[in-house]
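Open the model in your viewer and keep the sequence panel beside it. The stops below are given in the order in which to select them.

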Amino acid sequence: MSERSVSRAKQEKRWYTVLAPEQFDRQELGETPADEPEKVYDRTIETTLGELTNNASENNTKLTFKITDVGSDSAYTEFVEHSLTRDYLRSLVRRGASKIEAYVTVLTTDDYRVQIQPVAFTTKKADASQEKAIREQMVEMVEDAAAERSFEELVDSVVEGRLSSAIYGEAKTIYPLRRVEIQKATLEAYPEEVAEEEATAVDVDEEDVAAGDD
């Protein structure tokens, strides 16, 4: 084989079928080209929940996946983000009503760190103490949900709307609500990254103790 044909063979790109995680039934998300399998890793692909469920009413939910494994002609992904479109969130805002947001960083039972952003929309303007109570309720329920769920289970409860429904059921007793949504859920760290951070923090603490003993 001549040098020219070797370099041409090297440059030939192969198409990999990108598949959703098992919890999304390994559905096809699209295709991605690469001349080497290693180059496919860490690429992200965005789709809508509507495209996965074949239900146009769910197109206001965006899902982002990252490629973490590559086979001979397939690329496998993990969930990294769920978010609602700006247009949809804007459509929920009403003049003379309150929009109450919270940002909660939690650890699942299998040590994935996730940031979840619930948002509540009231029927009329709530006062500051009511807004505070609703925010606290949202934070507490997100923390409780993570404390008893694996990463996959938590993602399912967010994507399927179960977590927002549960928050709505409790928070509406504080002040009448029109809607509760999880506007964003983002994977912040994998278990091995969390373990590494904790080990580093312990090392620092031990150094502080040693310094204090001098």
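## Stop one: Phe 79

Select Phe 79, which counts as buried because its relative accessibility is 3%; buried means under 20% relative accessible area, exposed over 50% and partly exposed in between, with a 1.4 Å probe and protein chains only. The model is predicted, so local features need pLDDT of at least 70 and side-chain atom pairs pLDDT 80 or more, while totals for chains, interfaces and linings use all residues. Residues are numbered from 1 along each chain as its sequence is written, and side-chain values use heavy atoms, without hydrogens or water.

Phe 79 and Phe 151 form a tilted aromatic pair, with 6.1 Å centre to centre and 55° between the planes. Rings of Phe, Tyr and Trp (its six-membered ring) pair if their centres lie within 6.5 Å; planes under 30 degrees apart count as stacked, over 60 as edge-to-face and the rest as tilted. This pair links distant parts of the chain, 72 residues apart: Phe 79 is in strand E5 and Phe 151 in helix H5 (residues 151-159). Helices (H or I, at least four residues) and strands (E, at least two) are DSSP runs, numbered from the N terminus. Phe 151 is buried, at a relative accessible area of 7%.

## Stop two: the aromatic cluster

How many aromatic pairs does the rule give? The count is five. One of them joins Phe 65 and Phe 79, and this pair is edge-to-face because the planes stand at 80°, with ring centres 6.4 Å apart. Phe 65 lies in strand E4 (residues 61-70), 14 residues from Phe 79 in strand E5. Phe 65 is buried, with 0% relative accessible area. Now select Phe 24, Tyr 112 and Tyr 190 as well: with Phe 65, Phe 79 and Phe 151 they form one aromatic cluster.

## Stop three: Ala 75

Move along strand E5 (residues 74-84) to Ala 75. Is Ala 75 buried or exposed? Ala 75 counts as buried because its relative accessibility is 0%. Apart from neighbours within four places in sequence, Ala 75 is in contact (heavy atoms within 4.5 Å) with residues including Tyr 16, Val 18, Leu 19, Val 40 and Ile 67. Select Arg 43 next: its C-alpha atom is 9.8 Å from that of Ala 75, and the two residues are 32 apart along the chain.

## Last stop: the whole chain

Zoom out to the chain, which has seven helices and nine strands. Of its 214 residues, 40% are buried.
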